Amino acid sequence: RTDGRVLAVPAARQLARELGLDITQVPGSGPNGRVRVLDVHQHAAAQQQP
Amino acid sequence: MDFDVLVIGAGPGGYHAAIRAAQLGLKVACAEMDKVGGVCLNVGCIPTKALLHAGEQLAASRHAADFGLTFGETRMDISKLMGWKDGIVKKLTGGVSSLFKANKVTHLIGQASFVDANTVRVGDKTYTASSIIIATGSEPARLPGFDVDQDRVVDSTGALTITEVPERMLAIGGGVIGFEFAHVYTNLGSKVKVIEFLPNVIPGADADAVREFTKSMKKQGIEIATSTKANKLERKGNELHVEIENVQTGEKTTEVYDRVLVAVGRRPRTAGLNPEAAGVQVTDRGFITVDRQQRTNVPHIYAIGDVAGNPMLAHKAMKEGLVAAEVIAGKPAEQDAVAIPGVVYTSPELAWVGLTEAEAKEKGFQVKTGVFPLSASGRAMTLQSTDGFVKMVVEEGTDLLLGVHIVGPHASDLLGEAGLALEMAATATDIALTVHAHPTLGESVLEAAEAVHKQAIHIMNR
């Protein structure tokens, strides 16, 4: 449990906001499921493909 | 509109907001009724740190004989100390003015008061702005019966001005401000007592860290009384007679002091601002409530720093200033810091970031801790500063770092690593696997991480 804290690095949190994505919905590939910048980019690309 | 953004207040929050907004191409004004730099630069962070450093040097000179360095009579020229401190303040506030000029921020001088939601009167002129940022800060809270004259009975501002070192001083309030001044005055030669109404000093800090911290403060001569309050003050000539009560036993005593510091907290400052004219709501405690984008209930009006809520810390205000400016510039910024660090700049320092052990347990975490005492640090020995430790609070199983609590020299600087680790969602293993330079105090952070796993090298693991 993470007490509502999103395990995402600051740059990934910022990028998600800029892309209009909910960071809590981005699957993380880092340790403990940590969300990295690359994960946000990949999630954004996947969202665009119907 | 005269400006895209009008910032009210030029403290840490206000000048950060103004400069960032200008960097983002907005036409910015910053109104300030007093001196630029606000409380932090003028009567807060900076001057206290200058006094703390000077006091520490004086104390250090007394310990230098341990390694064979002796002086003649060590004397502190108080007026020279004041001049040096004031010089630093002047240089830094001048720096903020220069930054305003370089970033083309218009500096408006005068008390600001809302006329309506887009109009602010500053002094005797009125200005309009599309967005407004309230950064009016806070002021020392008052204690009934203890009228501050800034001479014998002082608040944090008055305590910065020393003409003669008081023989006996009472600090009312065992928070950060109370202890920093207690430390300054103790090092200058005063006999200082700190009283705190609550059962523990430095509320918000980890209990083990506070215990270690108070042990060292007492060793250095500071008397500490918790669950204690000051009832009344009587001036008899140059003496201050203070009635003190233990709130648990009800026992009352009257003690005599030469100077009394009232440091019972700070309250948000909105006097004269007239936020009602803009429709901005203020809570009954005087704070302006904001969302994660620093917006008040009026969407184009923002509030940052002390006036926007606790903790009242400069770096929190600075971050909020950047967020407000970026949101106004159309960026999707928000105050999403994992943790705001806290620091007491005594010697040793007490510094922490993230959850205390008690907070982590309260939130339902299965907690593991690791502690590394500075008495086992080679670097600490060479610095004659072995009081203290690094304590790491980690989630069992995931090994996720939850909080770091440090008592020791340069704890405030070591905290940077801990803050980054929290933001990056690091585990204790990540920290333990990071090569830290030897010999440094920072190694204690590594060793505390190792201690979480019962694998520290320089101590026995229990």
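Student: Which residues touch the most other members of the largest nonpolar core?

Tutor: As a general idea, nonpolar side chains tend to be buried together in soluble globular proteins. A nonpolar core is a set of buried Ala, Val, Leu, Ile, Met, Phe, Trp, Tyr and Cys residues joined through side-chain atoms within 4.5 Å, where buried means under 20% relative accessible area, exposed over 50%, and partly exposed in between (1.4 Å probe, protein chains only). In this predicted model, the largest core has 37 residues, and B:Phe179, B:Tyr185, B:Ile202, B:Phe213, B:Leu261 and B:Leu350 touch the most other members. Several elements of chain B each supply at least two residues of this core, including helix 3 (45-63), helix 4 (78-102), helix 6 and helix 7. Helix 6 of chain B gives the most, with 6 residues. Apart from this core lies another, of 31 residues, among them B:Met392, B:Val394, B:Ala411 and B:Val445.

Student: How should I read the numbering and the confidence of the model?

Tutor: Residues are numbered from 1 along each chain as its sequence is written, while chains are lettered from A and ligands numbered from 1 in the order in which they are written. Local features need pLDDT of at least 70, side-chain atom pairs count only at pLDDT 80 or more, and totals for chains, interfaces and linings use all residues, with side-chain values using heavy atoms and leaving out hydrogens and water. The score pLDDT is the predictor's confidence in each residue, from 0 to 100. Chain B averages a pLDDT of 97, and 100% of the residues score at least 70, while the model scores ipTM 0.91 and pTM 0.96.

Student: Why does the length of helix 6 of chain B agree with its number of residues?

Tutor: Helices (H or I, at least four residues) and strands (E, at least two) are DSSP runs, numbered from the N terminus, and the expected span of a helix is 1.5 Å times one less than its number of residues. Helix 6 (residues 176-188) of chain B has 13 residues, which should span 18 Å, and its end C-alpha atoms are 19 Å apart, so the two agree. Just after helix 6 of chain B, B:Gly189 takes a positive phi of about 120°.

Student: Is helix 6 of chain B largely enclosed or largely open?

Tutor: Because 11 of its 13 residues are buried, helix 6 of chain B is largely enclosed by the rest of the structure. One of them is B:Phe179, which is buried with a relative accessible area of 0%.

Tutor: The buried residues of helix 7 (residues 207-219) of chain B, including B:Phe213 and B:Met217, pack against helix 6 and several strands of chain B, among them strand 11 (223-225) and strand 18 (342-344). Helix 7 of chain B reaches 18 Å from its first C-alpha to its last, close to the 18 Å expected at 1.5 Å a residue. At its N-terminal end the cap is B:Asp206, with a side-chain oxygen 3.1 Å from the backbone nitrogen of B:Asp208; a polar contact of this kind is a pair of N or O atoms within 3.5 Å, where within protein one must be able to donate a hydrogen and the other to accept it, and residues adjacent in sequence count only if both atoms are side-chain atoms.

Student: Where does UniProt place the feature "binding site"?

Tutor: UniProt positions are given in the numbering used here, feature names are shortened, and annotations may be inferred rather than shown by experiment. The unreviewed entry places the feature at residues including B:Gly173, B:Gly178, B:Glu196 and B:Gly265. Although the positions are spread over 93 residues of sequence, they cluster in space, with a largest C-alpha distance of 14.1 Å. Among them, B:Gly178 is in helix 6 of chain B and counts as buried at 0% relative accessibility.

Student: Which peptide bonds are cis, and which residue has a positive phi although it is not a glycine?

Tutor: Most residues other than glycine have a negative phi, and most peptide bonds are trans. Here the bond from B:Asn310 to B:Pro311 is cis, with omega near -5°, and the bond from B:Ser347 to B:Pro348 is cis, with omega near 0°. B:Pro348 lies in the loop between strand 18 and strand 19 of chain B. B:Gln294 has a positive phi of about 70° and counts as buried at 2% relative accessibility, whereas B:His410, with phi near 60°, counts as partly exposed at 46%.

Methods: Contact means heavy atoms within 4.5 Å.
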